[in-house]
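Hello,

Here is the structure I promised to pass on. Please have a look at it first, and then read my notes below.

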Amino acid sequence: MDLRFGDSKPTDEERAAVDALLGPPESSWEGADRSDADLRWARGGREARDRRDQLLPALHALNDRVGWISEGALDYVCRRLTVPPAEAYGVATFYAMFSVRPRPATVLHVCTDLACTAAGASELCAAVEARLGLESGVKVERSPCLGLCERAPACLAIRAGESARPALEDEAVQAEGGPGGAAPGDGKGKGRRGRNTLHATAVCAPATPDRAIAAATAPETAPAEPAPETAVPQTGTPALTLLHRIGTVDPTSLDDYRAHGGYTALRRAFALGPAAVIREVTDAGLVGRGGAAFPTGRKWQATAAQPDHPHYLVCNADESEPGTFKDRVLMEGDPYALVEAMTVAAYATGAHRGYLYLRGEYPRALARLTHAIEQARTRGLLGDDVLGQGYAFDIEIRRGAGAYICGEETALFNSIEGHRGEPRSKPPFPVEKGLFGKPTVENNVETLVNVLPILTMGAEAYAAVGTPTSTGPKLFCVSGSVARPGVYELPFGATLGELLALAGVRDNLRAVLLGGAAGGFVRPDELDIPLTFEGTREAGTTLGSGVVMAFDDTVPLPRLLLRIAEFFRDESCGQCVPCRVGTVRQEEALHRIADRTGAAAADDIALLREVGRAMRDASICGLGQTAWNAVESAIDRLGAYE
């Protein structure tokens, strides 16, 4: 692509997509027709540069409308936002869901990650490609984890176009007017069926060749995916804390949410005051549920104490770790809980603006959260005067576009700001200089939702659940060779064997992967490991975000390790040499030893250890630092190549 403003012009459709987001251009400097006024002065440059954070939404607008991003369209976006073309091109090519080359309007993303690979994703993909052919008008793309591991194998069909209708329908949403209220002009609240939407999506899981092809060729009429409660085998269990509303409360109804205890925590937060809320969270012992396990109260206190303003709150809903889907289930099944929890966190830390960074592969969560936020805003639970308390707070959803690295907090900030999603060096830490260079608190979905029972139960009662150092309940994503895959809620301290017994582990268990691709394998004789941060650490593995993937002896372990290496090679942002080069060398070595064992593989295993140590010691962020973990554990604990 020529990285200059040239003769390429946007089509009318591309221009309309961008203008629908940014508004019509005001001068020829932004792409409007030239007038005499433009010859005398230029204006709006500073304001346009301040809108750099609209770059990612603008690219989404083009991708949703046309299906790819042309040179003329990218040039038009650059003019509108005063972004250098080379930088915009770098952003557009950073994300897996975008394309800067022509492609069909319909793209079928077939997951080929760990759970789906074990369930036959390669055979599914080959069958779909063979039957669709090159002239079908559908592009089949092998995708990293789609967050549907409990129903593997899975695929996601996306069709671009202005008149397409999303296939993920919800009768209750339609009854309430859908995300955004009543359809324009009808006044009857027909919801999403009556809206002029920009793209259609269809989730197909578990997928067969017939179902995948049906979803790809007609996503507008594909049947709706199963409801979120089907991913919660414990639905209806009275002892549940975080999942108790899923399957029993209408996730689209604010009234139903409030009838089941909703907004009790926010009212108590207002009664306590910001400092007391932080003290409750600290006394409860809540730590981050994304894997780092940093004390949440300390993070909130550090942000609240910063004299620089404004403060920002960011919810990290970009769960891209293979095997992780708990945040998706929470957002789809209990979206108002996340809205309430974000409001509590913002109030405690002095933030008046919140960003919810959501995976681009989660269309149902996007619809549910959009609806929940708009309903909360309409009912005075978001906006300039939340609950009549004189406190202003609002939430904006930002869609990701397929980049695992954006799960790292500073890479996520860069993505929101309109830059490539590359991690920043620390210090300074986000509590001092985070989003837009201001103090920022960042938590994932599960961490935030835990704040609600802390305020309703009290810190002491919450801390009594679990163990003294790992308090409260924990969500676990169980998939693979089990009879009942899904999200399970257990108190910290339950053993791996107890969890797998609930899920119905199959015979001939070969290995269990804890923590996802960045985690480690354990043997079938190690199921007494306590599921706590300290317990897994003592056992030489990691709890991570709560991924538990079971594999029986029918799954070829070397193929899984190679898929993990391919994943890290693809997802490395390339910013630092140890990760950029090391992930490639790791994959190359695993290709060489895929069919070898013993002495024949010894040299490459030695090379893997050397490369792994270099990545762990010198990479700038957790991706490179953990890229060797699973392979190392498979070699040392499972004897993968003996």
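Let me start in the sheet: Thr 106 stands opposite Val 138 in strand 2. Before going on, please note that this is a predicted model, where local features need pLDDT of at least 70 and side-chain atom pairs count only at pLDDT 80 or more, while totals for chains, interfaces and linings use all residues. Residues are numbered from 1 along each chain as its sequence is written, and side-chain values use heavy atoms, leaving out hydrogens and water.

Strand 1 (residues 106–111) runs parallel to strand 2, joined to it by 6 bridges. Strands (E, at least two residues) and helices (H or I, at least four) are DSSP runs, numbered from the N terminus, and two strands pair if DSSP finds at least two bridges between them. The open sheet has 4 strands in the order 2-1-3-4, with mixed pairing. Strand 2 (138–143) and strand 4 (199–204) are at the edges with a single partner strand each, so one side of each has no neighbour in the sheet.

Now for the nonpolar cores, meaning buried (under 20% relative accessible area, 1.4 Å probe, protein chains only) Ala, Val, Leu, Ile, Met, Phe, Trp, Tyr and Cys residues joined through side-chain atoms within 4.5 Å. The largest has 157 residues, and Tyr 95, Trp 300 and Phe 521 have the most contacts inside it. Helix 15 (residues 335–349) gives the most to this core, with 11 residues. A second, separate core has 22 residues, including Phe 476 and Ile 529.

Best wishes

Definitions and conventions: Buried means under 20% relative accessible area, exposed over 50%, partly exposed in between (1.4 Å probe, protein chains only).
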